[in-house]
Structure formats: C-alpha cells, structure tokens
Amino acid sequence: MSSIQIITRESFLGIVWFIVWIVLCRVFDFSLGFLLGVVLLLAWLWAFRNPERTPIDRGDDIVLAPIDGTISNIEHRQGTTRISIDVSFFDVGLVRAPQEIETITLEKKFGLVAYFSPLQKELNEVMRADIVGKIACSIWLYPKVFKHTKFYAPIAYRLGERMGFMKVGTLVLELPDSVEIRAHIGDKLKGGVNVLGYIK
C-alpha cells in the first residue's frame, strides 16, 4: 500500500460502481438516485481513506495499536494477552505493524462471509500473521462483511507501516506477558498512533 494514495486500493471497485450509478442516474434524469449516489460515494471515500499516522510515543519498546477500532475484550491466558479490537465501517481499515517486524508468517483459512449466521465463527474466513520482532506476537483477522481482507506480503515492516487491510470485523492481537498492557476495554484506538503497551 502506497503512502501517497489518499484512499486504499481496496476501495477502487466500489468507486467504479458508484460512478456508473451516478452517470446512469444523470443520463436518465433520476435526481434522487443521483444525489444518493453522490452521498454514498463520499461516504465510501471517507471509509476507505488512507491517512498518514505518527505514534504518540517513540521507542523500540512500544507496541502500537495495529488498526482503528474499539477494544472489546482483553483476555489473559497461558502466558499471553489477547486484545480484541472491533473495526466498524467508518474506521480506517489499514492494518499496521505493531512493532518493528523482522519476519512474518502468513496463514489463511478460507471460508464465507456469514455475518448473520449463528455459525459465523465456524464459517467465516480467518487470516493469521505470526510476527517476529523484538517480541513474538500474532494477529488474527476475522472479517464479517467484506471479502477483501488481507495481509499484503510476508516481508519486514517498520513500526506503524501498512501491512494489511480489513473493513468491518474483529482483529485479535496476541502478545506475550512480557508486554505491560496500557489499554482498557472500551478504548477507541487509532492504528499506528495509540500505544497498547510497553515491552518490559
């Protein structure tokens, strides 16, 4: 993902459809549809914005929020802490490196987008990234609506660099107990800006 793009490339297909709708409404003089199309296009562009981000703290001992959203759960188990972040449609969907990443291993479980199904967790696709940097951690992506969820490439990433995308769903970040968590359930996060914790 290029930092010079003002919107993410995942938005391009939707933009084309909205423009086609707007043009057709203009040609057939359907003013209400034209106005609705313009409003929805603007909302779409805002939802898929690609902002630059600067962390509120510096240092090689910080763990950054990997995505925009709201912390819905913090769970401690078996020497790890799992932080669940719910991502809405209007949250920036870019996944950012929570630390300096040296190596990354990607895994994907193919599935359906089953948002309204009681079997959502069993049916939905899941993406996982196992990360090695100053600490070893993992990120799971659980998309609920859109199929263009992805990690970009298994390469090294700088702190806060764009490494993937998810729009509407839940991101789970698993950290070792060597990270002192400074976040709380209900916190509203900005990916690449807010600090989730410090490596002890």
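**Sheets, rings and a nonpolar patch**

A three-residue hairpin joins β6 to β7. This is a predicted model, so local features need pLDDT of at least 70, side-chain atom pairs count only at pLDDT 80 or more, and totals for chains, interfaces and linings use all residues. Residues are numbered from 1 along each chain as its sequence is written, and side-chain values use heavy atoms, with hydrogens and water left out. Helices (H or I, at least four residues) and strands (E, at least two) are DSSP runs, numbered from the N terminus.

**Seven-stranded sheet**

- Seven strands form an open sheet in the order β5-β6-β7-β10-β3-β2-β12, with antiparallel pairing. Two strands pair if DSSP finds at least two bridges between them.
- β5 (103-109) and β12 (188-189) are the edge strands, each pairing on one side only.
- Seven bridges link β5 to β6 (residues 126-132) in the antiparallel sense.
- Threonine 103 has valine 132 of β6 as its bridge partner.
- Isoleucine 104 stands opposite isoleucine 131 in β6. Isoleucine 131 in turn stands opposite cysteine 137 in β7.
- β6 and β7 (residues 136-143) pair over six bridges, again in the antiparallel sense.
- Strands of a sheet pair through backbone hydrogen bonds, either parallel or antiparallel.

**Three-stranded sheet**

- A three-stranded open sheet runs in the order β4-β9-β8, with antiparallel pairing.
- β4 and β8 (150-151) stand at its edges with a single partner strand each, so one side of each is left without a neighbour in the sheet.
- Two bridges hold the antiparallel pairing of β8 with β9 (residues 162-165).
- Phenylalanine 151 stands opposite glycine 164 in β9.

**Aromatic contacts**

- Rings of Phe, Tyr and Trp (its six-membered ring) pair if their centres lie within 6.5 Å; planes under 30 degrees apart count as stacked, over 60 as edge-to-face and the rest as tilted.
- By this rule there are seven aromatic pairs. Tryptophan 44 and phenylalanine 89 have ring centres 6.1 Å apart and planes at 50°, so this pair is tilted.
- Tryptophan 44 lies in helix α2 (residues 31-47) and phenylalanine 89 in the loop between β3 (80-87) and β4 (94-96), so the pair ties together parts that are 45 residues apart in sequence.
- Tryptophan 44 is buried, at 14% relative accessibility. Phenylalanine 89 is partly exposed, at 23%. Buried means under 20% relative accessible area, exposed over 50%, and partly exposed in between (1.4 Å probe, protein chains only).
- Phe18, Trp44, Phe48, Phe89, Phe90 and Phe165 make up one aromatic cluster.

**Charges over rings**

- A charge sits over a ring if NZ of Lys or CZ of Arg is within 6 Å of the ring centre and within 35 degrees of the ring normal.
- Lysine 167 places its charged end over the ring of phenylalanine 89, 5.7 Å from the centre.
- Arginine 82 lies over the face of tryptophan 140, 4.5 Å from the ring centre.

**Nonpolar surface patch**

- Val16, Ile19, Val20, Val23, Leu24, Val27 and Phe28 form a nonpolar surface patch, with about 650 Å² of accessible area together.
- Patch residues have over 30% relative accessible area and no salt bridge; like charges are joined within 9 Å, and nonpolar side chains (Val, Leu, Ile, Met, Phe, Trp, Tyr) within 5 Å. A salt bridge is a side-chain nitrogen of Lys or Arg within 4 Å of a carboxyl oxygen of Asp or Glu.
- Accessible areas come from the Shrake-Rupley method with a 1.4 Å probe; for residues, only the protein chains shown count as cover.
- Valine 16 lies in helix α1 (residues 12-27). Valine 16 is partly exposed, at 48% relative accessible area.
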